[in-house]
Amino acid sequence: MHFALSEDQRVLQRTTDEICAQLFAVSPVGDARADGGALRAKLWSKLAELDLVGLLVPEHQGGAGGSLTDACVVAEALGRHIAPVPYVGTAIAAAALLRFGDGPDESLARLCRGDAYSVLLDGGLDDPAGTATVAFDWVDGALGVALSPDGRATVHDLVDVDPITDVDPLHRLARVRPVPAGEASGDGARRARAVAWTGAAALLTGLADGALRQSVDYAREREQYDRPIGSFQAVKHLCADMLFDVETSRSITYGASWAAEHAPIDEAERVASAAKAHAGAAAIRVCETGIQVLGGIGVTQEHDAHLRLRCAHLHHAAFGNSDAPLVLLAGRLLEKV
């Protein structure tokens with residue numbers, strides 16, 4: 001069996017990397033904190049123009065008809081560049097809930113054209129059981145998507161929106177007027193949750209990979225005692241540990257990207273929950289280690305390393321932190337005892 005990205009997926013990867021590199025060479029990612037959404041809108045418009053926003057949506061519903069693995073390739077590349085766009089919230093989590101939760105076709109078509117949708121979660125950023133109060137990956141004008149008590153995905157105009165000052169200034173949260181919401185108990189809703197876990201894991205893998213690349217480049221250039229600091233064993237060990245976390249996250253995430261879409265629902269949930277739990281913890285570990293390799297310059301918001309760590313914390317917390325995936329895994333294990 002061949003485990004590697006296809007040539008088309010490598011083109012997707014290169015295209016997303018190139019778009020981000022070109023855009024952020026002119027306007028650094030940090031500018032998105034105070035530019036009124038200009039940088040976010042410019043990149044989002046480009047992604048929609050290339051049909052990357054509607055990758056998860058079938059062609060007969062207005063999308064590009066891609067796979068979850070395709071969407072994960074894009075999410076990883078966006079994470080690598082700390083792209084300030086709601087790709088996990090809109091193009092993966094909301095699209096999956098609308099698609100697998102029998103949401104309105106018109107909403108899927110609008111999402112593919114670039115309209116922003118925000119998945120509605122509870123106050124702990126977990127799947128709501130009764131009432132949804134927080135819009136995840138929220139942008140101005142976004143509509144909300146939640147699972148209604150009857151088990152179907154429904155779209156809501158967001159009322160009384162109150163942006164939250166959260167850990168990540170590039171991916172925002174907002175309190176909204178409470179919306180009735182049901183638990184993910186049906187197969188469609190459970191698969192949508194598995195897709196959201198996998199998409200978040202892909203972006204977290206990209207964040208970790210970006211931290212690793214930045215650290216290795218710095219360790220090659222920065223010199224102490226007339227030698228690159230990367231030649232010192234202590235720094236080598238830090239970078240080797242980072243590489244281990246990145247590669248294991250990538251392996252489990254892309255395995256989950258196939259399972260979440262095609263495997264029986266119990267297996268899809270099991271693998272996706274493992275990917276989310278592992279990639280979240282690994283990304284935080286790698287981003288923190290990267291700041292050490294950089295000599296601590298990433299401790300302020302003026303540096304990308306700091307923004308990357310904040311983004312990792314938010315996406316690790318989203319969709320139930322590591323608790324919800326690990327509780328599911330523990331439950332499956334106990335069923336076998």
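Which residues does L78 touch, not counting those up to four places away in sequence? Select L78 and you'll find T16, C20, L43, L47, A83, V85 and Y87 in contact with it, where contact means heavy atoms within 4.5 Å.

A quick word before moving on. This is a predicted model, where local features need pLDDT of at least 70 and side-chain atom pairs count only at pLDDT 80 or more, while totals for chains, interfaces and linings use all residues. Residues are numbered from 1 along each chain as its sequence is written, and side-chain values use heavy atoms, with hydrogens and water left out.

Now widen the view to the largest nonpolar core, which has 102 residues. L78 is among those with the most contacts inside it, along with L43, L47, Y87 and F319. Such a core is a set of buried Ala, Val, Leu, Ile, Met, Phe, Trp, Tyr and Cys residues joined through side-chain atoms within 4.5 Å; buried means under 20% relative accessible area, with a 1.4 Å probe and protein chains only. Color helix α6 (residues 187-221) next: its 16 residues are the largest share of this core. Helices here are DSSP runs of H or I, at least four residues, and strands are runs of E, at least two, numbered from the N terminus.

Next, select strand β3 (residues 143-147), where five of five residues are buried. L143, V145 and L147 sit on one side, G144 and A146 on the other.

- Strand β1 (residues 117-121) pairs with β3 in the parallel sense over three bridges, and V119 has V145 as its bridge partner. Pairing takes at least two DSSP bridges.
- Strand β4 (residues 153-156) runs antiparallel to β3, joined by four bridges, with G144 opposite H156.
- In the β3–β4 hairpin, G151 takes a positive phi near 90 degrees.

How many cavities of 30 Å³ or more does the structure hold? There are two. On a 1 Å grid over the protein atoms alone, a cavity is a set of points where a 1.4 Å probe fits but cannot get out, and lining residues have an atom within 4 Å of a point. Volume is the space filled by probe spheres set on the points, which are joined across faces, edges and corners.

The largest cavity has about 200 Å³; select L97, V119, L121, D127 and R193, the closest of its 19 lining residues to the centre. α6 turns up again here, giving the largest share of the lining, four residues.

How values were computed: Buried < 20%, exposed > 50% of the residue type's maximum accessible area, 1.4 Å probe, protein only. 1 Å grid on protein atoms, 1.4 Å probe; cavity = no way out; pocket = protein on both sides within 12 Å on 5 of 7 lines; lining within 4 Å.
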